[in-house]
Amino acid sequence: MSDDAIYDRFDEAAAEVSDQVISWRRHLHRHPELSNREVNTAAMIADHLRSLELDEVRTGIAGQGVVGVLRGGEPGDRVIALRADIDALPVPDECGVEFASTVVDEDYPGGPFPVSHACGHDCHTAMLMGAATVLAGARESLPGTVLFIFQPAEEGPPVEEKGGARQMIAEGACADPRPTMAFGFHVVPYPKGYVGYRVGNQFGASSLIKIEITGTQVHGSTPWMGIDTMPAVGAILTGIGQLYRQVNAFDPITVTIGHIQDVGRFNIIGRTTTLWGTIRCAIESDMADVRKRLETLATHSARAYNCTAAVEYLQDVPAVHNLQPWVDAALPTLRRVVGHDKVADTGATLGYDDVSEFVNTFGGLYVTLGVQDVELDDTGNPYPTRGGRGLYMNHNPHFYADDDTLVTGVRLHCHIAYDHLTGAVDADPSDSDHSTR
């Protein structure tokens, strides 16, 4: 069978499974589960992979991770790892669909939390399940092996737990067989059916921040008898806004405090206040400098108010780095799937994704897939279409994805997988320059 005939076969099979993919996505959207708690999601994935009679289905990797192994019927030594993340967010669901989540996790650390797929991982999971269906149906034509990697805890596990891509690799998810390419994509507020790519850092480097300020607890009526942490907290929050002026303005960074946790009461000045946040760097080598400056700011601001500050950096995630040879090799495939005019070179983002652990370790590519009612202006930035649902960023309670675009994601996985197994999408293994610019 010719390559063109196989591509047509993929596209026809993807269209046939499209309704099922939409159904999976809507079920997952209605029943989201937080990081390291994806029990039912993982069971649903594993049951489906087993129904395809894959060569292996491995479960319980890094918590709730699932890996399916499909060995093709043609000889070949390449191994493509197709990855989807499966966890949800502690974010309310306000996207307005009839299958919106009403889940509240009462037991999650720090909770209770409303839970939703406000990042689009329900789409990623459903599309990879669909791709597994299509590729399993064409296994006799595949010259190599496909790994279907369903990864938990991409959003980060609770700080006292291990999880995510790094833990999956550590527990042997990709040890046998070892991938020769990793591939995945993320749904984003970009025009429906568009694929975005970037040579260099597609996503930035990330570090979780924990700053614990300690003072002396006392009744609110006698503040002079204790040491109040709140003035130090205010100084740190204000000072963070000046960190941007201390690093190269042409290398974007962001420092965000998203959660403040105290142990006081309306009439008690508490002993400690803890700030939780994140550092993002477009240039990974900037991370050490930003950390040092933030630690200096926190410790000295605390000291100015007779408090102490302990700064910890947790859950480091490297940048997702797309090498030029991998991009060059994949562009013909991407353009075949969505059309030449719908493949766009995008700008940098300070979002992160720990798919970087797979791509940076095994080589490969990570791109974006547009799923919203938006258009691109002359500079390539999205803006809402007239009469559409609007533009909502990932992690916004109103984030939404167009169901009809999911079949495009199924086709992307299948075409890239086949083209890598046949050698069309490959890069010189000697080119291992994962520099972070």
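Visitor: How does Phe113 count at 22% relative accessibility?
Guide: Keep in mind that we're looking at a predicted model. Buried means under 20% relative accessible area, and exposed means over 50%. Phe113 comes out at 22%, so this residue counts as partly exposed.

Visitor: How many aromatic pairs turn up in a search of the whole structure, and which kind of pair do Tyr108 and Phe113 form?
Guide: The search of the whole structure finds 7 aromatic pairs. In the pair formed by Tyr108 and Phe113, the ring centres are 6.3 Å apart, with 70 degrees between the planes. Planes over 60 degrees apart count as edge-to-face. So the number of pairs is 7, and because of that cut-off the pair of Tyr108 and Phe113 is edge-to-face.

Visitor: And Tyr108 itself, is this residue buried or exposed?
Guide: Its relative accessibility is 12%. The cut-off for buried is under 20%, so Tyr108 counts as buried.

Visitor: What angle separates the ring planes of Tyr392 and Tyr400?
Guide: These two tyrosines form an aromatic pair with 6.4 Å from centre to centre. Tyr392 is partly exposed at 29%, whereas Tyr400 is buried at 3%. Their pair is edge-to-face, and the angle between the planes is 70 degrees.

Visitor: Which residue has its charged end over the ring of Tyr400?
Guide: Tyr400 already has a ring partner in Tyr392. A charged end also sits over its ring, 4.0 Å from the centre. That charged end belongs to Arg389.

Visitor: Which residue lies over the face of Tyr7?
Guide: Start with the rings: Tyr7 is linked by ring pairs with Phe10 and Tyr418 into a cluster. Over the face of Tyr7, at 3.7 Å from the ring centre, lies Arg336.

Visitor: How do helices α1 and α2 run relative to each other?
Guide: Helix α1 covers residues 3-30 and helix α2 covers residues 39-51. Their axes come within 11 Å and cross at roughly 160 degrees, in a right-handed crossing. Angles over 145 degrees count as roughly antiparallel. So that's what we call α1 and α2: roughly antiparallel.

Visitor: Which residues of α2 meet Trp24, His27 and Leu28 in α1?
Guide: The two helix axes come within 11 Å. On the α1 side, the residues taking part are Trp24, His27 and Leu28. On the α2 side, they meet Thr41, Met44 and His48.

Visitor: What sort of crossing do α7 and α9 make, by angle?
Guide: Helix α7 (residues 324-338) and helix α9 (residues 406-421) have axes that come within 10 Å and cross at roughly 135 degrees. That makes α7 oblique to α9. The contact includes Trp326 and Arg336 of α7, along with His415 and Asp419 of α9. The handedness of the crossing is right-handed, and by angle the helices are oblique.

Visitor: What is the omega of the cis peptide bond between Asp176 and Pro177?
Guide: Most peptide bonds are trans. The bond joining Gly111 and Pro112 is cis, with omega about 10 degrees, and Pro112 sits in the loop between β4 and β5. Pro177 is in the loop between α4 and β7. For the cis bond joining Asp176 and Pro177, omega is about 0 degrees.

Visitor: What phi does Gln315 have?
Guide: Most residues other than glycine have a negative phi. Asn36, in the loop between α1 and α2, has a positive phi of about 65 degrees although it is not a glycine. Gln315 lies in strand β15 and is partly exposed at 27%. Gln315 isn't a glycine either, yet its phi is positive, at about 50 degrees.

Visitor: How far is the C-alpha atom of Leu350 from that of Pro191?
Guide: Leu350 is in the loop between β17 and α8, and at 23% it counts as partly exposed. Leaving out residues up to four places away in sequence, Leu350 touches several others, among them Pro252, Ile253 and Cys281. Pro191 is 159 residues away from Leu350 along the chain, and their C-alpha atoms are separated by 20 Å.

Definitions and conventions:
Residues are numbered from 1 along each chain as its sequence is written. This is a predicted model: local features need pLDDT of at least 70, side-chain atom pairs count only at pLDDT 80 or more; totals for chains, interfaces and linings use all residues. Side-chain values use heavy atoms; hydrogens and water are left out. Rings of Phe, Tyr and Trp (its six-membered ring) pair if their centres lie within 6.5 Å; planes under 30 degrees apart count as stacked, over 60 as edge-to-face and the rest as tilted. Buried means under 20% relative accessible area, exposed over 50%, partly exposed in between (1.4 Å probe, protein chains only). A charge sits over a ring if NZ of Lys or CZ of Arg is within 6 Å of the ring centre and within 35 degrees of the ring normal. Axes are lines fitted to C-alpha atoms, for helices over the stretch in contact, and angles run from 0 to 180 degrees between N-to-C directions. Helices (H or I, at least four residues) and strands (E, at least two) are DSSP runs, numbered from the N terminus. Angles under 35 degrees count as roughly parallel, over 145 as roughly antiparallel, 65 to 115 as roughly perpendicular and the rest as oblique. A crossing is left-handed if the near helix is turned anticlockwise from the far one by less than a right angle, and right-handed if clockwise. Contact means heavy atoms within 4.5 Å.
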